[in-house]
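Dear colleague,

Please find below the structure that I am handing over to you.

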Amino acid sequence: MRVIIDKIFQIFTLSVAIFVSIILIFILFQLIKDGISSLSLNFFIESARPVGSNSGGFKQAILGSLIIDSIAMLIIVFLSILGGLFLYVYPETLLSKILKESMSLLQGTPTIVCGICVYYILVRSMGHFSGLAGSVALALVGIPYMVLASEQIFSMTPTLLLEAAYSLGLSRTRVILYVVLKFAKFPLLAISLLTLARIAGETAPLLFTAFGNSFLELNPLRPMAAIPLQIYVYAISPYDEWHRLAWAGALILIAFVTVLSLILGRYRRLGE
Amino acid sequence: MIKMKLQDVHAFFGKNEVLKGINLDIYDKAVTAIIGPSGCGKTTLLRCLNRMHELDKNAYITGKILLDGEDIFKMDLYKVRRKVGMVFQRPNPFPFMSIKDNVLAGFLMSGKRLSKKQKEEICERNLIRVALWDETKDRLNDLPTNLSGGQQQRLCIARALANDPEVILMDEPTSALDPISTAKIEELIVNLKSEIVIVIVTHNMQQAARISDFTSFMYMGSLVEYGITEQIFKVPKEKLTEDYITGRFG
């Protein structure tokens, strides 16, 4: 009987795994089939063009995403390491408990809410949409995830190493600087890449903040295009030509996330 | 000459009293061993001597511990730990620093600036002191994870010595090592005692007998007997000590 139950369970888990893989393969296949046909050099070096011009690309969106995501990551990494350190150093304080609870809450908040908040706080006070507002909205999405992960990483510092440092007569600040942060270097890098992979595909927080732009705009204080936004705009349009570009954009996004995962795998090995 | 003096030292973890009024003199240029069964408070006593006990947030110490006549609880905490270094049960070199930087860790991490020549001198001198120079001189920039357990432990002793302490506390430094590495570390301890005070916690009574000048026997948080090693092992005054060293319990 035990063997039969074991077999049934094996077959069940295997079939679920195959089912999920088929869906994933189907999505990837569709993405590659429809995306690759629209990929050309023009896709990377041309900005958006009006319908009917039979050309146009994602240049403004790729550069926009690069700028918006870079600024967002700077904010995320800086604030999250500080937040994570605070949670690690003062775990029992009321402020820590509030911070941890709010991070968990924010982690589960729909990302569009982050966009709306930034719209009310930043976009309205600035008087216009901007890439910077998009970065702040993306940072709101990434920070909770990375703060909680950083705290976990810092708590993984072996007591043996902490004690070794304290026994040399070092202050807590120096132990954090030279042991905790150094030990956490690779895991923090890995988590940063994961966070980047997560925010890179976010559309909702950018809708009311970066807004999108059909023209090349490199000033983050102006409305900017971004890959997910451009895909969204093209995908909901009624034109086949734009649909093809949207597929190509989605392919680029997936390729970017895949490259990040590969780098992550390499760093994980280095970390070990 | 007395280097450290403990007067009515009690140590607590929250409400739990782990050390119950320890009085002990630790002599200069000598090896003092602390023996006793598991859970008797040996390690806690050792960690009181450089206030590492207080790292646990519920832990505290009462009583007096004097270092050269000065109360360590009135001294700067970091200065106490620099003067009273420590080597742990398991080798714990910093895995992200080279062998050389591990020896210099006390300087590098406290932000002291050293010239290249000074760094090389300190590194070489201390690796020679722990008999690790010949084995590592050609790979000083390698990570310590490439060394054997015994070599790593000697590197940790070199790291503690480089900080120029007056006393070194060793918490069962050979318990995780093979017999050959253990023998090397024991030889090292005997060689070092002419220049530094060593207090060692050990589970291994033969080790205490081999390398220490003074031995203290602890039981249930109290110091049962303390004296010259030979006397403790040959003619113990207390019945409990005799029972422990003859293996009737432990």
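**Parallel strands in chain B**

β6(B) and β7(B) pair in the parallel sense over four bridges. Helices and strands here are DSSP runs numbered from the N terminus, a helix being H or I with at least four residues and a strand E with at least two, and two strands pair if DSSP finds at least two bridges between them. The model is a predicted one, in which local features need pLDDT of at least 70 and side-chain atom pairs count only at pLDDT 80 or more, while totals for chains, interfaces and linings use all residues. Residues are numbered from 1 along each chain as its sequence is written, and chains are lettered from A and ligands numbered from 1 in the order in which they are written.

Within β7(B), B:Met170 stands opposite B:Val87. β7(B) is also joined to strand β8 (residues 197-201) of chain B by five bridges, and these two strands run parallel. One of the pairs is B:Leu169 with its bridge partner B:Val199 in β8(B). Between β7(B) and β8(B) the chain passes through helix α8 (residues 179-192) of chain B, in a β-α-β crossover that is right-handed; that is, with the strands pointing away from the viewer, the path from the first strand over the helix to the second runs clockwise.

Strand β7 (residues 167-171) of chain B is largely enclosed by the rest of the structure, because five of its five residues are buried. A residue is called buried if 20 or more other C-beta atoms lie within 10 Å of its own, exposed if 12 or fewer, and partly exposed in between, with C-beta atoms placed from the backbone. Both faces of β7(B) are covered, with B:Val167, B:Leu169 and B:Asp171 buried on one side and B:Ile168 and B:Met170 buried on the other.

Strand β1 (residues 2-13) of chain B pairs with β2(B) in the antiparallel sense over nine bridges, and B:Val9 has B:Ile22 in β2(B) as its bridge partner. The two strands β1(B) and β2(B) form a hairpin with two residues between them, and B:Gly14 in the turn has a positive phi of about 65°.

Eight of the eight residues of α1(B) are buried, including B:Lys42, B:Arg47 and B:Cys48. Just after α1(B), B:Arg51 takes a positive phi of about 60°.

**Chain A**

Chain A has 12 helices and zero strands. Its C-alpha trace spans about 70 × 65 × 30 Å along the principal axes, and 38% of its 272 residues are buried. Chain A is divided into domain 1 (2-36) and domain 2 (42-271), with bounds that come from an automatic or database domain assignment. The C-alpha centres of these two domains of chain A lie 30 Å apart. Their contact takes five residues from domain 1 of chain A and six residues from domain 2 of chain A; two residues are in contact if their C-beta atoms, placed from the backbone, lie within 7 Å.

A:Val113 lies in helix α5 (residues 111-126) of chain A and is partly exposed, with 15 other C-beta atoms within 10 Å.

**Where the chains meet**

The contact between the chains takes 19 residues from chain B and 15 residues from chain A. On the side of chain B that touches chain A, the elements that give two or more residues are α2 (77-83), β6 (84-87) and α4 (105-109) of chain B. The largest share of this side, four residues, comes from α2(B). By class, the side of chain B that touches chain A has nine nonpolar, six polar and four charged residues. Here Ala, Val, Leu, Ile, Met, Phe, Trp, Tyr, Cys and Pro count as nonpolar, Asp, Glu, Lys and Arg as charged, and the others, Gly among them, as polar.

With kind regards
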